[in-house]
Amino acid sequence: MRRALITGITGQDGSYLAEFLLSKDYQVHGIVRRASTFNTGRIDHLYKDSHDEEARLFLHYGDLTDGSSLRRILHKSEPDEIYNLGAQSHVKVSFDQAEYTADVVATGTLRLLEAVRDYCDTTGRKVKLYQAGSSEMFGAAKPPQNEATEFYPRSPYAASKVAAYWYCVNYREAYSLFIANGMLFNHESPLRGETFVTRKITRAVGKIKLGLQKKLYLGNLDARRDWGFAGDYVEAMWRMLQHDTPDDFVVATGESHSVKEFVEAAFGHAGLNWADHVEIDPRYLRPTEVDFLLGDPSKAAAALGWKPTVKFDGLVKMMVEADIELARQEATLINAGHRVSARSGN
Ligand code: NAP
Ligand code: F7E
């Protein structure tokens with residue numbers, strides 16, 4: 001049985017990837033941060049108690065800021081494949097917590113690479129590593145962006161992902177490790193964190209539809225993104241590690257839309273007029289913005305046989321419908337006297 005180790009398993013992509021690998025009969029190990037509240041909501045449906053003979057998902061406490069935990073978990077889990085998805089992944093937050101973002105995203109990746117290098121040396125095992133790079137690394141570079149496009153990061157998050165990318169290239173060349181950098185454009189789903197713009201919008205649409213919220217406050221509506229479905233993108237990660245040689249790939253849909261187009265489509269799908277509900281709050285603007293991302297995924301299509309199955313309209317519909325259902329459940333709870341959080345932000 002092949003074994004995979006996922007950092008960031010409790011995040012959106014971690015959840016889809018764990019489910020995908022379990023469906024391929026992997027034993028899956030995931031690193032979970034200690035928190036005072038449960039943070040495994042996205043993977044609870046995959047978990048079986050470790051005493052259960054059928055258990056194939058195992059969780060370990062660790063952190064990318066804690067190198068010794070990474071080393072210990074490598075020895076415990078003995079992975080064939082590692083997916084480094086752990087990150088402080090919010091671009092706006094990275095301006096407020098720049099040093100922490102660099103420590104997790106850039107130095108955290110370096111800590112993991114050092115641990116993997118020593119693990120391979122001492123055990124003689126071969127381990128493949130996927131690094132979660134981002135279209136944010138292209139930043140202000142002219143669209144369309146592909147593997148040959150020069151990086152022009154526009155945030156501490158993006159600069160940290162560029163550093164992590166180059167650490168990975170260096171470790172691949174210096175120590176002949178199998179390391180693939182994915183340069184993934186924005187990918188979303190009903191599991192997307194609620195402070196990223198797509199989910200913030202579809203959550204608001206659901207709550208407005210059910211009468212639980214009136215207004216949605218957003219920042220820059222003109223930014224353009226190439227939005228795909230997270231379920232499709234985790235398969236691209238896996239395909240990169242099944243390729244004969246380690247390489248770097250752009251993963252995108254090849255279509256770009258503005259935030260305003262997403263807003264119009266999401267409210268429209270619920271039969272609402274966005275102009276009645278959306279207001280601009282400068283709090284959500286960024287010191288430097290990434291204006292226009294449009295990925296060219298032709299290398300991934302040719303070399304990995306990967307292509308997206310969900311495009312813009314299908315994605316909006318999937319997210320709006322899931323969030324209307326969620327708001328319906330919340331309305332039921334509120335009517336039964338329970339308290340439900342009204343928090344939104346970023
Ligand atoms: P996400 O939902 O924000 O999940 C991030 C994961 O990283 C969570 O499991 C989080 O744990 C974990 N994490 C945070 N700080 C950590 C630390 N110090 N040590 C270990 N783990 C830590 O992100 P995502 O959307 O799934 O994205 C996955 C990866 O792809 C990230 O590296 C992100 O930067 C990158 N990426 C995402 C996109 C996208 O559009 N989604 C595009 C390109 C690249 P908690 O649950 O405890 O917070
Ligand atoms: O912003 C604009 C905002 O936060 C998208 C991360 O997964 O994808 C993500 O980064 C756009 C930006 O994602 C609001 O200014 C307007 O132009 O959803 P986002 P992101 O910054 O593109 C990349 C590929 C990653 O790697 C990251 O980890 O939407 N926008 N109004 C807003 N954005 C937010 N969050 N909130 C607003 O109110």
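Trainee: Let me start with E136: is it buried or exposed?
Mentor: E136 is buried, with a relative accessible area of 7%, where buried means under 20% relative accessible area, exposed over 50% and partly exposed in between, with a 1.4 Å probe and protein chains only. Before going on, note that this is a predicted model, in which local features need pLDDT of at least 70, side-chain atom pairs count only at pLDDT 80 or more, and totals for chains, interfaces and linings use all residues. Residues are numbered from 1 along each chain as its sequence is written, chains are lettered from A and ligands numbered from 1 in the order in which they are written, and side-chain values use heavy atoms, with hydrogens and water left out.

Trainee: Where does E136 sit, and what is it in contact with?
Mentor: E136 belongs to the loop between β5 and α5; helices (H or I, at least four residues) and strands (E, at least two) are DSSP runs, numbered from the N terminus. Leaving aside neighbours within four places in sequence, E136 is in contact, meaning heavy atoms within 4.5 Å, with V91, P153, S155, Y157, A158, R225, V290 and L293.

Trainee: Which residues does the cis peptide bond join?
Mentor: That bond joins P143 and P144, with omega about -5°, and P144 lies in the loop between β5 and α5.

Trainee: Switching to ligand 1, how many residues surround it, and which are the closest?
Mentor: There are 25 residues around ligand 1, and the closest are T10, R33, D63, S89 and Y157; a residue counts as near if one of its heavy atoms lies within 4 Å of the molecule.

Trainee: And what are the polar distances for ligand 1 at S89, K161 and R192?
Mentor: A polar contact is a pair of N or O atoms within 3.5 Å; within protein, one must be able to donate a hydrogen and the other to accept it, and residues adjacent in sequence count only if both atoms are side-chain atoms. An oxygen atom of ligand 1 is 2.7 Å from an N or O atom in the S89 side chain, another listing puts an oxygen atom of ligand 1 2.9 Å from a polar side-chain atom of K161, and a nitrogen atom of ligand 1 is 3.1 Å from an N or O atom in the R192 side chain. Taken alone, ligand 1 exposes 900 Å², and the protein buries 90% of that, with accessible areas from the Shrake-Rupley method and a 1.4 Å probe, where for residues only the protein chains shown count as cover.

Trainee: Which element gives the most to the shell around ligand 1?
Mentor: That is β5, with three residues. The shell around ligand 1 divides into nine nonpolar, eleven polar and five charged residues, where Ala, Val, Leu, Ile, Met, Phe, Trp, Tyr, Cys and Pro count as nonpolar, Asp, Glu, Lys and Arg as charged, and the others, Gly among them, as polar.

Trainee: What about ligand 2: which residues are closest there?
Mentor: The closest to ligand 2 are S89, S134, R286, E289 and N346, out of 25 residues that surround it. An oxygen atom of ligand 2 is 2.6 Å from an N or O atom in the side chain of S134, a polar side-chain atom of K200 lies 2.8 Å from an oxygen atom of ligand 2, and a nitrogen atom of ligand 2 is 2.8 Å from a polar backbone atom of G219. Taken alone, ligand 2 exposes 700 Å², of which the protein buries 97%.

Trainee: Now α8: which of its residues are buried?
Mentor: In helix α8, residues 259-269, the buried ones are V259, F262, V263, A266 and F267. They cover an arc of only 120° around the axis, which puts them on the same side of α8, the arc being that of the directions from the helix axis to the C-beta atoms. The buried residues of α8 pack against α6, β8, β12, β13 and α10.

Trainee: Last one, what is the phi of D25, and where is D25 found?
Mentor: D25 has a positive phi of about 70° although it is not a glycine, and D25 is found in the loop between α1 and β2. With a relative accessible area of 51%, D25 is exposed.
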